[in-house]
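This report walks through one protein model, with headings for each topic. Please look at the sequence and the structure first, and then read on.

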Amino acid sequence: MPPQAIMGSSTLGKAATLHQLLEACIHAFDDNGELQGNLFPRTVLLMHRWYVTSTELAGKLLMLYPLLALGLIDV
């Protein structure tokens with residue numbers, strides 16, 4: 001059985017940057033602040049300590065969110 005079948009992904013080995021992960025988390029919320037069943041932000045918040053400290057994560061979110069919300073940067 002190929003590894004993709006076991007892992008469920010053909011993108012195994014490709015990594016997103018922290019910036020891309022945080023953008024995806026921010027965009028997971030709808031205009032009312034609801035996730036609509038999207039578990040991605042929860043997963044990132046639970047697993048972030050593998051890659052970055054909580055302080056650094058919070059700082060990056062505080063810096064990134066206003067820029068995305070105001071449309072000053074595009075995904």
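## Helix 2 against helix 3

Helix 2 and helix 3 are oblique to each other, a word for angles that are neither under 35 degrees (roughly parallel), nor over 145 (roughly antiparallel), nor 65 to 115 (roughly perpendicular). The axes of helix 2 (residues 18–27) and helix 3 (residues 40–47) cross at roughly 140° and come within 8 Å; such axes are lines fitted to C-alpha atoms, for helices over the stretch in contact, and the angles run from 0 to 180 degrees between N-to-C directions. The crossing of helix 2 with helix 3 is left-handed, where left-handed says that the near helix is turned anticlockwise from the far one by less than a right angle, and right-handed that it is turned clockwise.

On the side of helix 2, Leu21, Ala24 and Cys25 take part, and they meet Phe40, Pro41 and Val44 of helix 3, a contact being heavy atoms within 4.5 Å. Sorted by class, this contact of helix 2 with helix 3 has 6 nonpolar residues, no polar and no charged ones; Ala, Val, Leu, Ile, Met, Phe, Trp, Tyr, Cys and Pro count as nonpolar, Asp, Glu, Lys and Arg as charged, and the others, Gly among them, as polar.

## The model as a whole

This is a predicted model, in which local features need pLDDT of at least 70 and side-chain atom pairs count only at pLDDT 80 or more, while totals for chains, interfaces and linings use all residues. Residues are numbered from 1 along each chain as its sequence is written, and side-chain values use heavy atoms, with hydrogens and water left out.

The protein has 4 helices and 0 strands, helices (H or I, at least four residues) and strands (E, at least two) being DSSP runs numbered from the N terminus. Of its 75 residues, 16% count as buried, where buried means under 20% relative accessible area, exposed over 50%, and partly exposed in between (1.4 Å probe, protein chains only). Among the contacts with a separation of 6 or more, 49% come from residues 24 or more positions apart.

## Helix 2 against helix 4

Helix 2 also packs with helix 4, at an angle of about 60° and with the axes 10 Å apart, which makes helix 2 oblique to helix 4. This crossing of helix 2 and helix 4 is right-handed.

From helix 2, Leu18, His19, Leu22, Glu23, Ile26 and His27 meet Leu57, Lys60, Leu61, Leu64, Tyr65 and Leu68 from helix 4. The residues of this contact divide into 8 nonpolar, 2 polar and 2 charged.

Side chains of opposite charge can pair when their charged atoms come close. The structure holds 1 salt bridge, that is, a side-chain nitrogen of Lys or Arg within 4 Å of a carboxyl oxygen of Asp or Glu. Lys60 and Glu56 form it, with their closest N and O atoms 3.8 Å apart.

Why are Lys60 and Glu56 separated by about one helical turn? They stand 4 residues apart in helix 4 (residues 54–69). Lys60 is partly exposed at 30% relative accessibility, and Glu56 is partly exposed with a relative accessible area of 39%.

## Two loop residues

Gln36 lies in the loop between helix 2 and helix 3, and although Gln36 is not a glycine, its phi is positive, at about 55°. With 64% relative accessibility, Gln36 counts as exposed.

Leaving aside residues up to four places away in sequence, His48 touches Thr53, Ser54 and Leu57.
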